[in-house]
Amino acid sequence: MDNSRLHRFTVVVAVCTFLLVVAGSLVTSNDAALSVPDWPLSYGRLVPPLEGGIRYEFAHRVMAALVAVLTIVLAVWLERAEPRRWMRRLGWAAVGAVLLQAGLGGAAVRLVTPKTLTIAHACLAEICFGLVVAVVAGQTMQLAEIPRISDPAPLMAAVALFGQAILGAMVRYGAAGVGFHIIGAAIATILVMWAGLRIPLRRPALALLTLTFSQVFLGLGAYMARVVNVTMPQPMPLTVAFTSAHVAVGSLAFGAAIVLTMAPAVAHGGVALA
Amino acid sequence: MKRFWIGSGLVSALVATAFTLASCGGSSTPTEAPKSADAGAPPAGGPAATPDMDNGGTITGKVTFDGTPPKMATLDTSANPVCAKAHATSPLKAEEVVVNPNGTLKNVFVWVSAGLPDKTWQVPTTAVTIDQNGCQYKPHVIALMAGQNLEIKNSDPTNHNIHPQPTVNQDFNESQAPGTAPIDKTFPRQEIMIPVKCNVHNWMRSYISVVSHPFFAVTSDDGTYTIKGLPPGTYTIEIVHEKYGKQDQQVTVGAKESKTADFTVKG
């Protein structure tokens, strides 16, 4: 069966999910997370007054609704057109994650931002993106079975990058000191380099390495922007720009690590679809 | 499949570890205001009491700023045309540090942090008002007693949300459309310098101090304060500023006696 249209659609879902992560980051960076105090409606209606921080929060909600619909369509399409059961399951797992994510976001609004919920919301966003990326990777690499993890390096890099996403969220919400995140960055970078050196696929490995190194510099930039502007009224545009870019590139690096985790199955002779 | 679940387990373990770290400790951002909850405060209990305005002692003083007054940052209100219009001729300034023309410091919270007898103090029936006016909180720092009514007004022709971030009281986040009735709230527990913000207009910041007794004040345009009706005794007078933190000093005051306790804050 020619699933090229399904593949293109999956890529669109992945791009939209990535944009949703960026939109979420802009909400937090602009301190606009609670500018709309009610949920699922906004100021008691479908479209709130679009002013100040409400613009960021409402755009995030609209984007989230779009991604939820697209992810459900993707899962249904996979169910009908995808012969591999594990890929169909990935699609439904993405639906579950997106719906849970919506629930977490709503709960964070209704319960006035308990730290654990907002941190979980930020982390689950990475998982949502990662699941859709995994579907794209499964389609691209034409894997017949669940990838055999013959080399632990990419998996460990992916776990380390996800750990960094957790620590980064904790730092943003004041639940941990930046020191944990810096130590985590060092560990993640070493693991990514290890994975990059071991994997014979040059381009994905180079992409992961480039993204991770960029991420380190963006992290430094975000921290320095915060330090330099500490006496200025927050949030400053420079801090918003660096922090959002840090979150965005972090997601891309995590996605790249997932692709590499699945890739060795091909590189090491994993079964590919004819 | 087995490896997939091992991978999932690793991720879960990492999440659990991170959340454990989160619950074990945290850090404060450099701009976070100093906070103290129930620190050195007299516990509630005993008979209800009121300040003795006729025979009680009085402590007055001023908070002087030592150093070059920092330039008040101009706030960018362009995110909302209503706010921008309100400050078209006179840009809105950050009120983090306001040095008065006489060299004193405005918006300093002053209170008796220790020394009061173990009494329950009568809560005033009048409300303390905070107004969202010109896309800023007026006043910037307010204080009220635990259980006293806080009236939140919106005098602006635009939407606001008021979002205090207490640690020992219950937080809340409510929107307030233009022209709507004031919102009434109370804080049942003592908590000093609760940050308040509006997430619609991210430059709007304010602080609310909640005290379990009536002996507190906030310095205004002349940097002075007065605390009246104190029972004779030795008290710790503490000042708290959102940027410069805390200072305190001991003051002994008798019946009908007036004492001065001045403070100097280094910039």
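Axes are lines fitted to C-alpha atoms, for helices over the stretch in contact, and angles run from 0 to 180 degrees between N-to-C directions. Helices (H or I, at least four residues) and strands (E, at least two) are DSSP runs, numbered from the N terminus. This is a predicted model, in which local features need pLDDT of at least 70 and side-chain atom pairs count only at pLDDT 80 or more, while totals for chains, interfaces and linings use all residues. Residues are numbered from 1 along each chain as its sequence is written, and chains are lettered from A and ligands numbered from 1 in the order in which they are written.

**Overall fold of chain A**

- Chain A has nine helices and zero strands, giving the pattern α-α-α-α-α-α-α-α-α along the sequence.
- Its radius of gyration (taken over C-alpha atoms) is 19 Å, close to the 19 Å that the globule rule (2.2 Å times the number of residues to the power 0.38) gives for 274 residues, so chain A is as compact as a globular protein of that length.
- Along the principal axes, the C-alpha atoms of chain A fill a box of roughly 55 × 40 × 25 Å.
- Of the 274 residues of chain A, 54% count as buried; a residue is buried if 20 or more other C-beta atoms lie within 10 Å of its own, exposed if 12 or fewer, and partly exposed in between, with C-beta atoms placed from the backbone.
- Two residues are in contact if their C-beta atoms, placed from the backbone, lie within 7 Å. Among contacts in chain A between residues at least 6 apart in sequence, 73% join residues at least 24 apart.

**Helices 5 and 6 of chain A**

- The axes of helix 5 (residues 152–172) of chain A and helix 6 (residues 178–198) of chain A come within 8 Å and cross at roughly 160 degrees.
- Helix 5 and helix 6 of chain A are therefore roughly antiparallel to each other; angles under 35 degrees count as roughly parallel, over 145 as roughly antiparallel, 65 to 115 as roughly perpendicular and the rest as oblique.
- Their crossing is left-handed, a term used if the near helix is turned anticlockwise from the far one by less than a right angle, with right-handed used if clockwise.
- The residues of this contact divide into 17 nonpolar, five polar and one charged. Ala, Val, Leu, Ile, Met, Phe, Trp, Tyr, Cys and Pro count as nonpolar, Asp, Glu, Lys and Arg as charged, and the others, Gly among them, as polar.

**Helices 2 and 3 of chain A**

- Helix 2 (residues 54–81) of chain A and helix 3 (residues 85–110) of chain A pack at an angle of about 160 degrees, with their axes 8 Å apart.
- Helix 2 and helix 3 of chain A are therefore roughly antiparallel to each other, and helix 2 passes helix 3 in a left-handed crossing.
- The contact of helix 2 with helix 3 of chain A has 14 nonpolar, three polar and two charged residues.

**Two buried residues**

- G52(A) lies in the loop between helix 1 (4–29) and helix 2 of chain A and is buried, with 28 other C-beta atoms within 10 Å.
- Leaving aside neighbours within four places in sequence, G52(A) is in contact with S35(A), A79(B), N80(B), V200(B) and H201(B).
- V13(A) lies in helix 1 of chain A and counts as buried, with 25 C-beta neighbours inside 10 Å.
- Leaving aside neighbours within four places in sequence, V13(A) is in contact with L70(A), T71(A), L74(A) and V132(A).
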